[in-house]
Amino acid sequence: MNVEIINRTINAMCSEIKAQGSSTLDWRQLNEDEMLYEAVICIFGSQMQFEMAVASADRLRDRGLLCSKQLACMTNCEEQVLDALSQPLSVPTKNGGVRTVMPRFRNRLASLLATTVTEIYGKGHSLRRLLFTADSAKDARKELMVNVWGFGPKQASLFLRRVGYCADLAVLDVHVLDYLNLTRGIRIAPSRLGRLSCYEEIEDTFREIASKFGHSLGCVDLATWLTMRVAKREAYL
């Protein structure tokens, strides 16, 4: 698949994403438990495939481990999360089936979530309040990186997108980085993007690309992720 075809596909995906815009979450209408569920997906998504991250968050929610009021006074949060993740998960496959998988990095994930709970709810804060008091999307991203353990720039940006907070931040996933390499010859190790200054530099480059598509940065970013993911999976690249 060449660059021209990829760009046409991205443009078509942007139109489809915009058409489905009404299904986007409205962060102002979400309660704290719903915010935490979305945050957990993003924390776990940095350590595993997205579908497995969702399945893991679903498991925790089903066990009542994403109830913010209960977590605020829970003394064994890490142990309970670890126990919940120590059993196989049912994860959907690309062909519509289901596979059973054991979550990886269970100890690290349990520790990240427990520490986040302590940092936020143990101090009487909340994700909702953090977003309501932020001066801008970039300010919200910085605050999330400080308060949510496991959140780097990418995870914080993904969270803000998933809850419908803004559409002007990029989620520089490996698929988006592959697109930048393919179209601009930009090679950058994902590990370097843990530094916000480096992340924002690449984000500005991608913002320039997005403007040529005529859609928001978030829309083009998501369309690129979807397009490159399928192209690589189907061995077009």
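Visitor: Is Phe151 buried or exposed, and what is its relative accessible area?
Guide: This is a predicted model, in which local features need pLDDT of at least 70 and side-chain atom pairs count only at pLDDT 80 or more, while totals for chains, interfaces and linings use all residues. Residues are numbered from 1 along each chain as its sequence is written, and side-chain values use heavy atoms, with hydrogens and water left out. A residue is called buried under 20% relative accessible area, exposed over 50% and partly exposed in between, with a 1.4 Å probe and protein chains only. By that cut-off Phe151 is buried, because its relative accessible area is 6%.

Visitor: How many aromatic pairs does a search of the whole structure find, and at what angle are the ring planes of Trp27 and Tyr165?
Guide: Rings of Phe, Tyr and Trp (its six-membered ring) pair if their centres lie within 6.5 Å, and planes under 30 degrees apart count as stacked, over 60 as edge-to-face and the rest as tilted. The search finds 4 such pairs. Trp27 and Tyr165 form a tilted one, because their ring centres are 4.9 Å apart and their planes stand at 55°.

Visitor: How many residues apart are Trp27 and Tyr165?
Guide: Trp27 sits in the loop between α1 (3–19) and α2 (32–45), where helices are DSSP runs of H or I with at least four residues and strands are runs of E with at least two, numbered from the N terminus. Tyr165 belongs to the loop between α9 (153–162) and α10 (174–184), so the pair links distant parts of the chain, 138 residues apart.

Visitor: Which residue in β2 is the bridge partner of Pro92?
Guide: Strands β1 (residues 89–92) and β2 (residues 98–101) pair in the antiparallel sense over 4 bridges, where pairing requires that DSSP finds at least two bridges between the strands. Their hairpin has 5 residues between the strands, and Gly96 there takes a positive phi near 90°. The bridge partner of Pro92 in β2 is Val98.
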